[in-house]
Amino acid sequence: MSRRSSRSSTMDQGEFILECKAAYLSMFDSIKEKIESQDSLLEALQQTGRNPSVKVLKKYWTNDIDELSFDDFVDICKKEPVTTSDDLMKAFRKIDINGDGYISLEELHKILTSKGEKKSKSEVKKMIDEVDDNKDGRLDYKEFCQMVMSTTEESKKMQRKMMERKEKKKRQDIERRGDVSGSQVSVRSAASSVKIGTPAGSRKSSLLSIDDLPRPSPRVKKDKSRQGSASRAHKLDEPKNLREWTHTKSKGSFFMEDGSLICHQYDFNLPDDSKIWITIQPQKGSRGMDSSPVDTSVFILRDRPDEDGNLLVAFTEHRDSRGKYGVSCDLSAGKYYIMPYTTGCRFKNRKSESGKEAKLVSQDKGGKYVITKSFRKVLEDIFDYSDLDGNGFMSRKEFNLFNIRTSGEEVADEEWQVVEDRIDLEDGEITKAGFLQLNELEAEDSEGDTEDLWTTLVSMGYNKQLVMDQACPFQLDVYTEDCDDAELDVVRVDSYPTYPGDLSFDDIISKSFIKHGEISRVKGMKDLCMYTYTNDGWATLVLDNKSHTRVRVELDCSRSENVTSNHDSLQRTLRVDPGSTVIAYHLMPEDDDRDWQVKCTETIR
């Protein structure tokens with residue numbers, strides 16, 4: 001009997017589904033979310049104790065696959081066996097050339113340099129150092145296998161506990177809202193106490209069915225002041241035939257510099273009329289100053305105003321539970337600007353910096369200056385973020401944008417020639433190993449002086465403890481239905497430019513917030529209005545002064561519930577010039593798991 005069939009016979013089907021679900025929910029908020037990359041599929045399978053090869057992954061993630069559902073994931077888990085201790089031992093025995101039960105640096109180096117991508121001895125040593133507790137340069141692989149299997153089982157138990165907590169919280173949320181179709185609901189007096197009758201059956205059946213319950217509807221609390229109440233969106237309404245559309249993508253980043261927002265910006269050339277679908281989301285690990293995911297959005301601008309003088313075509317208003325924003329619209333053939341944006345509610349300027357400065361450079365036994373392990377890891381991340389097309393290499397253009405960000409200067413021909421002379425390139429592009437080598441060479445050339453290295457790190461958003469708190473990498477995806485040769489081109493990493501008509505970016509987006517917002521006139525001045533715009537993720541307050549005089553307005557949003565803003569205080573005073581608009585506040589939930597509400601009053605001073 002094969003391992004696949006023996007596994008299905010030894011595990012109850014319901015238990016198997018629960019195990020898959022627990023692993024899935026360790027990565028996603030709901031089983032209705034989709035796996036959107038081969039890397040995510042690998043990570044999800046690893047959560048179940050499977051370690052598929054690249055060949056196996058490609059069997060399921062083919063060229064025509066853009067996403068996989070939870071059901072697809074379960075089917076794959078049924079077909080692919082869990083990695084056992086015997087599997088690990090067999091793999092190690094093949095590497096253990098002298099059969100002593102240990103893997104040495106020399107043995108691992110021989111294997112990893114004889115097949116596939118060759119690795120240097122230092123790279124192999126780094127791999128062993130990760131698990132070599134007694135630092136003897138060897139790996140006791142029997143103990144290592146036992147540790148791996150033990151860790152896998154503990155991880156599965158933790159996943160189950162996490163899943164049960166999530167399910168319990170969902171039930172509690174539903175009880176508070178009293179909105180369950182097909183369940184027994186009773187509401188008691190004004191306190192809205194809700195009791196939900198669970199279906200007959202075991203605890204397992206409840207866990208398996210909870211995601212089929214309807215999502216709670218938003219609670220809008222009435223108040224005499226402006227409302228900004230909203231609940232989290234859980235799913236984007238993406239086109240159903242998206243797999244058939246042409247897809248282009250790019251990475252990018254937001255940077256905070258002296259309180260100003262800088263980001264990668266894009267030209268989008270569309271040769272034919274087409275319906276488009278654009279999404280943007282922070283890359284995994286991108287967090288704000290409060291450790292919450294940074295909000296990201298996209299504004300699509302024309303390259304010249306239309307007949308009504310408008311530059312803005314559309315922008316992302318809806319998001320899913322993982323922070324991905326998306327927008328669909330019809331575009332005529334032409335040139336457009338794709339402008340990423342973040343409100344600044346969670347991505348803020350660092351106020352101060354404390355703590356011990358991380359060590360970037362050390363000397364080896366021979367006195368040679370080398371970069372430290374922690375610095376190397378950060379450089380690898382920087383390389384990945386700067387590899388905008390995601391092909392695993394850094395082109396001259398990508399290196400140029402990196403250099404503009406870190407030094408303010410473009411890479412001249414003679415400087416690129418130095419790069420070519422000092423490191424090996426692959427098809428004219430810098431490899432990750434080459435990028436690390438450049439920084440090693442810089443450490444050697446400066447004889448251990450780290451000033452220039454710190455300049456690079458600070459420019460890329462890292463603090464003195466090597467934590468990224470002043471940058472937010474993101475992923476931008478553009479799909480076109482009727483055009484196969486659209487071009488998405490990153491053209492700069494800079495602050496927002498001035499547009500035709502001497503318009504700032506804030507001027508352009510303010511018009512849209514006014515158009516889609518709720519109007520209220522400021523008491524005591526008929527030509528001064530405040531607009532409150534609210535979408536799935538945030539609320540924006542815009543002051544519009546149509547009078548001929550400058551006004552001074554005091555805003556107080558301190559009575560708002562569960563909000564954080566793009567300013568340090570929820571009370572501020574603004575001066576609004578005649579005939580101008582000002583974005584007074586961006587506000588968003590401080591805790592995404594709780595309801596939030598905007599309450600703001602204004603006073604003319």
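This is a predicted model: local features need pLDDT of at least 70, side-chain atom pairs count only at pLDDT 80 or more; totals for chains, interfaces and linings use all residues.
**Reading buried charges, a cavity and a helix**

Reader: Which residue forms a salt bridge with E33?

Author: The general idea is that side chains of opposite charge can pair when their charged atoms come close. Here the partner is R322, with the closest N and O atoms 3.5 Å apart. E33 sits in the loop between α2 and α3, and R322 in the loop between β10 and β11, so the pair ties together parts that are 289 residues apart in sequence. R322 itself is partly exposed, with a relative accessible area of 34%.

Reader: How many salt bridges does the count come to?

Author: The count comes to 25. One of them joins R405 and E257, at 2.9 Å from N to O. R405 belongs to helix α12 and E257 to strand β5, so parts 148 residues apart in sequence are tied together. R405 counts as buried at 11% relative accessibility, while E257 is partly exposed at 35%. Another pair is K464 with E357, whose closest N and O atoms are 3.8 Å apart. There is also a network of salt bridges linking R319, R346 and D592.

Reader: How much space lies in the largest cavity?

Author: About 90 Å³. A search of the whole structure finds one cavity of 30 Å³ or more.

Reader: Now a helix, please. Which residues of α15 are buried?

Author: In α15, residues 451–459, the buried ones are L453, W454, T456, L457 and S459. They pack against β5, β13, α11, α12 and α14. Just after the helix, G461 takes a positive phi of about 95°.

Reader: And what share of the residues in the chain is buried?

Author: Of the 605 residues, 45% are buried. The chain has 16 helices and 26 strands. For contacts with a separation of 6 or more, 70% join residues 24 or more positions apart.

Definitions and conventions: Residues are numbered from 1 along each chain as its sequence is written. Side-chain values use heavy atoms; hydrogens and water are left out. Helices (H or I, at least four residues) and strands (E, at least two) are DSSP runs, numbered from the N terminus. Buried means under 20% relative accessible area, exposed over 50%, partly exposed in between (1.4 Å probe, protein chains only). Contact means heavy atoms within 4.5 Å. On a 1 Å grid over the protein atoms alone, a cavity is a set of points where a 1.4 Å probe fits but cannot get out, and a pocket is an open set with protein on both sides within 12 Å along at least five of seven lines; lining residues have an atom within 4 Å of a point. Grid points are joined across faces, edges and corners, and a volume is the space filled by probe spheres set on the points. A salt bridge is a side-chain nitrogen of Lys or Arg within 4 Å of a carboxyl oxygen of Asp or Glu.
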